[in-house]
Amino acid sequence: MTNSATTAGAQFTIPAPEIIDPASVSSLRWGIMGAAGIAEYFVAGVQKHTKQQVVAVASRTPGKAESFAEKFGIESHDNYEDLLARDDIDVIYIPTLPTQHRDHALMAIAAGKHVLVEKPLALDPKEAAEIFAAAKAKGVLAMEAMWTRYLPQYSVIRQLLAENALGEIDLLEVSMCQANLEIPRLWKKGHGDPFFDMGIYPVSFAQTFLGNPSKITAQAVLHKNGIEEEVSVQLQYESGARAYILMSARAAVPGVASVGGSKAKLMVGPEFFIPSSVSIADVDFNSPFTTWKDQTGIIAHEGLSYQATAMASFIDQGLLESPYESHADSIANLEVCAEVIRLIGAEIF
């Protein structure tokens, strides 16, 4: 079962998500370039919920690839060159540090591989543009692993937007707040950066509804080493609409996203960035919500699997960009993140 909507007297019908059947796309052969923690979630989801084949993993850290490979029943390499030289690999997934993405992606692209690069694609938008340009020149698909855009709830959202169910959107607010002070990579300069790592989710969410902002303001609480712990951002748009983003890597609150339009108000989550729910109601106070709830049984980070099936579908179609997040979209979101970092005076390198 993939769709559940309860009306309780509400005036809205929520469309069922359009989910790509994993059996309907080519079973591509994947290589994993870096045995990072997120790669374990990715491979586990892919093996459980798709027809894609994970062939091998490579890591330059002694013993790390072997341990990873044993866990998932795949082959291992102690260097990237041997992985990329394999003829039996079609796609490379890159979960290394954002500061390494450019070099690793360009290596894979030069080897003629399609690339799925973990978000954020880079900490420098110019590096993202370089990756995309190289991929197009080589005739391969390069895609940012903005996995939330491939979840069933995003299909629901896209259909509601196509139907103009919300009307003219005026206001959006979204929170991405988790107690992550004990995650070392977020607090090492050049290793991740909280706003690029976490804030990219709400920035991407706002772009889905409102496009790219014309003005950005921000304020922050900084860590002792100059990296941002908490950031509040206001995005303003040519239409007059506003988006408010709260990102915290020090305190946890429910990850709810809300959108206000002239016809309806929308709520996603909690948590808005993992398989959850979409609710819509009339703009009047206390109007009853119609709710769609994800009942696929694919939970939390298992949702990373959707982007693998989608990427196989795009490759089957000969696409060089994702129709769910264009290259321009990815770069624009990184530009927003970079401007926020500049405004708050954070130190990420």
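1. In this predicted model, the largest pocket holds about 840 Å³ of space. Its lining is made up of 37 residues, and those that lie nearest the centre of the pocket are Ala-36, Ile-38, Pro-95, Arg-185 and Asp-197.

2. Sorted by class, the lining of the largest pocket comprises 18 nonpolar and 13 polar residues, together with six charged ones. At least two lining residues come from each of helix H1 (37-49), H4 and helix H7 (194-210), and H4 provides the largest share, with four residues.

3. Turning to the sheet, six strands form an open arrangement in the order E4-E3-E2-E5-E6-E7, and their pairing is parallel. Strand E4 (75-77) and strand E7 (142-145) each have a single partner strand because they stand at the edges, so that one side of each is left without a neighbour in the sheet. From one strand to the next, the twist averages 25°.

4. Within this sheet, strand E5 (residues 91-94) and strand E6 (residues 114-118) run parallel and are joined by four bridges; in this pairing, Ile-92 stands opposite Val-115 in E6.

5. Two helices that pack on the sheet deserve a joint reading. Helix H4 (residues 98-110), which also contributes to the pocket lining, touches strand E2 (29-33), E5 and E6, and its direction makes about 165° with that of E6. Helix H8 (residues 305-316) packs on the sheet as well, touching E2, E5, E6 and E7, with a direction that makes about 150° with that of E6.

Methods:
Residues are numbered from 1 along each chain as its sequence is written. This is a predicted model: local features need pLDDT of at least 70, side-chain atom pairs count only at pLDDT 80 or more; totals for chains, interfaces and linings use all residues. Side-chain values use heavy atoms; hydrogens and water are left out. Two strands pair if DSSP finds at least two bridges between them. Axes are lines fitted to C-alpha atoms, for helices over the stretch in contact, and angles run from 0 to 180 degrees between N-to-C directions. Contact means heavy atoms within 4.5 Å. On a 1 Å grid over the protein atoms alone, a cavity is a set of points where a 1.4 Å probe fits but cannot get out, and a pocket is an open set with protein on both sides within 12 Å along at least five of seven lines; lining residues have an atom within 4 Å of a point. Grid points are joined across faces, edges and corners, and a volume is the space filled by probe spheres set on the points. Ala, Val, Leu, Ile, Met, Phe, Trp, Tyr, Cys and Pro count as nonpolar, Asp, Glu, Lys and Arg as charged, and the others, Gly among them, as polar.
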